[in-house]
Amino acid sequence: MSLPEADSALIELRDVTMRFRSQTVLTRINLKVRRGETLCVIGESGCGKTVLLKLIIGLLKPSAGGVFFADRDIARLNGKEMVKLRLRFGFLFQMAALFDSLTVFDNVAFGLREHHMRDEASIAGIVAERLQEVGLPPEVETKKPAELSGGQRKRVGLARALAIGPEVMLYDEPTTGLDPIMSDVINELILQTQRTMKATGVVVTHDMKTVAKVADRVVMLYPIARLEPGESQILYDGPPDRIESSLDPRVGQFVRGEAGERMRELARLRTAAPTAATAAK
Amino acid sequence: MAIAASTAAQAEEAPSTPIHRLGEQIFDHVSEIGDVATFATLTMVWIGRRRPRWSVLVPIFYAIGVKSVSVVAITGTFIGMVLAVQAYHQFNMMGLATRLGSVINISIVRELGPVLAATMLAGRVGSSMAAELGTMRVTEQIDALSALGTNPIYYLVVPRFLACVLLIPLLTLMGDFMGVIGGAVVSTQIMNIDSYAYWKHTRDFVETLDVFAGVFKSYFFGAAIALISCHRGFNSKAGAEGVGRAATEAFVFSFIAILFLDFVIGLTWNNVYRSIWPQTESLL
């Protein structure tokens with residue numbers, strides 16, 4: 001996929017820090033997502049990738065810094081403006097987050113009904129169309145989420161996110177917990193969505209196959225607890241084809257899935273632990 | 001270097017002194033009270049702003065109201081029956097057995113009916129709401145609602161609040177009725193108290209205002225159950241343990257709130273009653 005014009009940042013995080021009580025998850029993050037591009041955010045578990053997505057859509061407010069959408073600070077939006085903003089986003093949650101009490105049809109139709117976007121006849125048409133796009137047969141419309149497989153739930157989640165016609169799609173670990181074939185199906189759907197809807201995309205993932213398939217640009221976050229003092233939390237920001245040749249060895253290790261450095265660190269911690277205990281005594 | 005950074009981060013995360021921990025506990029409790037107050041205010045704001053759709057309201061009204069009928073009916077009936085059994089011998093020894101109706105029925109409609117019906121509902125409805133909303137929280141369904149531009153308080157809390165506030169008084173009335181019947185059956189059919197005298201004394205002592213006082217309290221009990229249970233569910237921690245704890249806390253805190261409100265409303269009502277009718281006895 002080719003990169004669109006470089007300067008038109010649709011989403012921008014400026015010096016964003018996020019703390020939960022005394023635990024800091026993100027620190028001084030500066031990141032731009034350009035209009036029309038698909039950005040993949042990778043990194044170890046617990047490095048703040050999902051928090052980043054929730055900051056972008058305004059589900060969380062940063063402890064410091066600002067998140068800007070089309071140059072507007074979303075922390076300063078009032079209730080109605082925030083609703084309007086969120087309707088420009090589609091969010092595929094990690095476990096799909098389908099509403100258990102509603103059928104698949106009602107799940108997909110939810111946004112359209114709640115915001116009176118269409119009449120019931122049009123809604124039925126849109127739901128059928130979206131389900132078809134994600135490769136689900138019409139029979140699933142009457143099923144409850146509990147009756148679906150993991151892959152089907154992800155696809156219904158995607159159909160629900162797409163139903164409101166978003167400008168920006170946020171994907172939280174879209175292939176986690178799926179078999180390799182279903183993962184590829186989801187990757188294809190992401191790619192297809194980005195192409196047909198010309199949506200801007202932010203994909204949080206551990207899966208390098210997803211990165212290779214859908215990313216225009218990759219950002220790698222690193223857990224704060226293991227950062228060197230003064231170091232940026234973003235270890236890599238660039239095109240996917242150059243990530244393996246990054247000068248930072250931690251990037252290459254993550255991409256190749258090598259445990260070497262982590263194992264050495266764990267060994268160091270194990271040997272350091274008795275010393276620390278003695279010092280405490 | 002990495003180890004040093006890690007140790008520093010851990011030191012930042014863990015409070016190091018007892019004073020630090022005490023401060024954190026106090027801060028947490030004050031924040032919690034503020035959080036509940038904000039939650040209640042937002043619920044009221046949303047009630048005034050927009051009515052939930054019937055398709056959302058009806059299933060919740062059914063689950064909270066209709067499905068609680070049997071629990072409240074059984075509780076009410078047995079309260080009346082047990083009161084009759086326990087009080088009969090004392091009253092009979094004093095030759096006041098025919099007065100049993102007034103004692104049983106006034107106890108039921110003023111105090112035991114509303115409080116025990118609310119307690120049963122806190123257990124049945126409150127825990128269930130907290131567990132349901134807690135599961136929605138940990139499976140990100142509440143975040144999904146927000147992401148779809150729907151306010152979770154409007155969509156999840158307002159219907160439950162309305163159902164509790166509107167239906168718990170009705171259930172209380174039904175519990176009162178069943179208690180009155182249960183007490184009357186045991187008194188007149190098993191203890192062989194004269195039916196005419198039983199009902200006459202009841203009519204002499206139990207007034208409409210007594211029934212109203214009980215029902216009046218139940219509105220507050222319903223509101224407390226809904227707000228506390230929904231708040232616990234919204235703030236549930238992750239995992240089965242977190243959801244289980246939210247459900248337990250919903251019942252325990254609701255129960256404490258019911259007893260506290262019962263006391264406060266009783267006291268306030270008595271003061272108001274005495275200030276209006278200074279020569280009369282207190283109502284509650």
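Visitor: How many bridges join β1(A) to β2(A)?
Guide: There are 8 bridges between β1(A) and β2(A), and the two run antiparallel. Keep in mind that this is a predicted model.

Visitor: Which residue stands opposite Arg19(A) in β2(A)?
Guide: Thr24(A) stands there.

Visitor: And the hairpin of β1(A) and β2(A), how many residues lie between the strands?
Guide: The hairpin has 2 residues between the strands. Arg21(A) takes a positive phi in this hairpin, near 55°.

Visitor: What does β1(A) do with β4(A), parallel or antiparallel?
Guide: Antiparallel, over 5 bridges. Strand β1(A) covers residues 9-20 and β4(A) covers residues 64-69.

Visitor: Which residues in β4(A) stand opposite Leu13(A) and Arg14(A)?
Guide: Leu13(A) has Val67(A) opposite. Arg14(A) has Gly66(A) opposite.

Visitor: OK, zoom out. What is the strand order of the open sheet in chain A?
Guide: The order is β2-β1-β4-β5, 4 strands with antiparallel pairing. The edge strands are β2 (23-34) and β5 (72-73) of chain A, each pairing on one side only.

Visitor: Which helix packs on the sheet?
Guide: Helix α1 of chain A, residues 49-56. Helix α1 touches β1, β2 and β4 of chain A. Its direction makes about 120° with that of β1(A).

Visitor: New topic. How many residues are in the largest nonpolar core?
Guide: That core has 141 residues. Those with the most contacts inside it are Leu170(A), Met220(A), Cys164(B) and Ile225(B).

Visitor: Which element gives the largest share of this core?
Guide: Helix α5(B), with 18 residues.

Visitor: Back to Met220(A). What does it touch?
Guide: Leaving out residues up to four places away in sequence, Met220(A) touches Ile42(A), Gly43(A), Ile234(A), Leu235(A), Tyr236(A), Val251(A) and Phe254(A).

Visitor: Now α5 and α7 of chain B. At what angle do their axes cross?
Guide: Roughly 145°, and the axes come within 7 Å. Helix α5 of chain B spans residues 100-138, and α7 of chain B spans residues 152-190.

Visitor: Is the crossing of α5(B) and α7(B) left-handed or right-handed, and which is it here?
Guide: The crossing is right-handed.

Visitor: What is the contact of α5(B) with α7(B) made of, by class?
Guide: The contact has 16 nonpolar, 8 polar and 2 charged residues.

Conventions
Residues numbered from 1 in each chain as written. Chains lettered and ligands numbered in written order. Predicted model: local features only at pLDDT ≥ 70, side-chain atom pairs only at ≥ 80, totals over all residues. Axes fitted to C-alpha atoms, helices over the stretch in contact; angles between N-to-C directions. Left-handed = near helix turned anticlockwise from the far one by under 90°. Nonpolar A, V, L, I, M, F, W, Y, C, P; charged D, E, K, R; others polar. Pairing = 2+ DSSP bridges. Contact = placed C-beta atoms within 7 Å. Core = buried A, V, L, I, M, F, W, Y, C linked by C-beta atoms within 7 Å. Buried ≥ 20, exposed ≤ 12 C-beta atoms within 10 Å, placed from the backbone.
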